Amino acid sequence: IAEVKGGGDEGLGRVGQSLSVTGWVRTLRSQSSVTFIEINDGSCLSNLQCVMNPDAEGYDQVEGGSVLTGASVSVQGTIVASQGTKQKVELKVHKIILVGKCDSSYPIQKKRVSREFLRTKSHLRPRTNTFGAVARVRNTLAYATHKFFQESGFVWVASPIITASDCEGAGEQFCVTTLIPSSHETADTSIDAIPKTKGGLVDWSQDFFGKPAFLTVSGQLNGETYATALSDIYTFGPTFRAENSNTSRHLAEFWMIEPELAFADLDDDMACATAYLQYVVKYVLENCKEDMEFFDTWIEKGIIHRLSVFEKEFLQLSYTDAIELLLKANKKFDFPVKWGLDLQSEHERYITEEAFGGRPVIIRDYPKEIKAFYMRENDDGKTVAAMDMLVPRIGELIGGSQREERLEVLEARLDELKLDKESYWWYLDLRRYGSVPHAGFGLGFERLVQFATGIDNIRDVIPFPRSPGSADF
Ligand code: 4AD
Ligand code: MG
């Protein structure tokens with residue numbers, strides 16, 4: 001359908017050609033001896049209007065009421081210029097085959113339903129205009145991500161999902177349990193010694209991995225090992241956080257893009273993040289025109305214009321200057337503003353939306369106490385070479401830093417934080433054997449999809465959202 005309906009002339013050049021399409025019926029209406037069926041196949045937002053007279057093969061099924069909204073059909077016909085005003089071309093049907101009937105209880109009817117309601121129908125919501133468009137834009141952003149990094153010479157690295165380390169040190173990890181029936185015999189494990197869980201299952205995780213194992217919160221530490229061998233790498237995969245925050249920007253399972261650059265400092269890192277974001281935003285505006293116009297009309301008015309402003313240079317500001325700015329703001333915040341405290345989303349939104357009128361802002365050099373152990377200490381001894389990129393509506397889209405590459409400084413920092421140096425032996429090895437300045441960042445992919453589409457709740461930009469209290473489907 002995209003081939004016929006897409007592009008400026010909407011398939012006028014193909015008038016007279018025959019076409020065979022398969023898809024799902026969106027609407028159906030009959031007028032005396034003509035029936036109009038709108039079909040969508042997911043290739044684009046537009047439906048193809050199919051016009052049918054009683055002489056079309058298979059018309060009896062339409063007449064008999066077997067072809068309803070939601071049914072899957074296969075249609076053959078000729079492309080003709082449309083008499084209607086809504087489309088330039090339509091399909092004059094010669095033959096229709098009902099592939100799969102649709103029960104009349106089908107919940108996705110023509111009338112508009114709320115996105116909250118559709119969240120309870122994750123299996124059917126991709127058949128709506130909004131979720132179809134989100135899926136295509138998400139796909140294009142993923143493709144553009146690989147395209148950007150591949151064209152810039154980065155190597156894609158698969159970081160593990162199961163890990164023994166807590167990259168961010170925030171204790172927000174999901175624990176991996178390995179359950180087996182208690183009757184299961186293992187060669188060298190005394191099952192009796194392992195605690196039993198409900199239903200006669202035993203948890204032998206500790207035996208399986210030899211130590212507690214978790215779902216990864218970030219692929220960064222593993223990414224660093226490959227960057228210090230292959231120079232520039234990126235990871236792009238699922239990450240997990242057991243933070244109990246029921247907000248429109250947090251998921252328990254989300255995808256992260258984490259580039260890591262060797263022989264690079266914080267300025268190189270910020271330049272990479274800026275170039276990446278400019279590239280993918282431009283790519284989606286150029287390649288998802290129809291879907292983006294849909295978002296601009298129905299989801300967030302003016303989003304196309306607002307996104308195209310991103311071609312300009314991004315603003316930069318130190319954390320210390322950001323605190324100054326917030327203290328001077330003529331505004332009452334719910335959370336306190338004080339040097340040494342982390343910025344809350346209300347502060348982040350004030351900075352990008354109000355202070356800088358909708359431009360992306362990068363804040364750098366945060367106090368070391370509020371950042372992770374691996375960030376490189378600045379010469380002032382108080383701050384680290386960290387950066388967060390803030391964008392309007394979303395707040396933090398990217399978090400990154402230059403990494404501490406000096407062995408003694410990193411060891412001292414681990415001691416200071418009472419972290420177990422032994423368990424970081426391999427991470428410290430990278431500083432022992434040919435250490436280099438290196439830097440990277442993590443971008444929350446769902447926040448990027450939210451940002452590009454204007455969809456306000458993060459649960460609506462991932463096919464199957466996982467958040468506190470919700471892990472259906
Ligand atoms: O700022 P964060 O915690 O940084 C890291 O994990 C670093 N290890 C990244 C790196 O330097 N390689 O997370 C990075 C980004 C955030 O800016 C945000 O966009 C996203 O990940 N993010 C979440 N997205 C959805 N749901 C959550 N619960 C998220 N937590 C973080
Ligand atoms: Mg962060």
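**Exercise 1.** Which of the 24 residues around ligand 1 come nearest?

*Solution.* Begin with the ground rules: the model is predicted, local features need pLDDT of at least 70, side-chain atom pairs count only at pLDDT 80 or more, and totals for chains, interfaces and linings use all residues. Residues are numbered from 1 along each chain as its sequence is written, while chains are lettered from A and ligands numbered from 1 in the order in which they are written. Now look around ligand 1, where a residue is near if its C-beta atom, placed from the backbone, lies within 6 Å. Ser218, Gln220, Gly399, Gly442 and Gly444 come nearest. Next, find the elements that give two or more residues to this shell: β12 (253-262), β16 (395-402), β17 (438-444) and α14 (445-453). Helices (H or I, at least four residues) and strands (E, at least two) are DSSP runs, numbered from the N terminus. Finally, β16 supplies the largest share, 6 residues.

**Exercise 2.** Why does the length of helix α4 agree with its number of residues?

*Solution.* Helix α4 covers residues 129-151, which is 23 residues. The expected span is 1.5 Å times one less than the number of residues. After α4 comes Gly153, with a positive phi near 85°.
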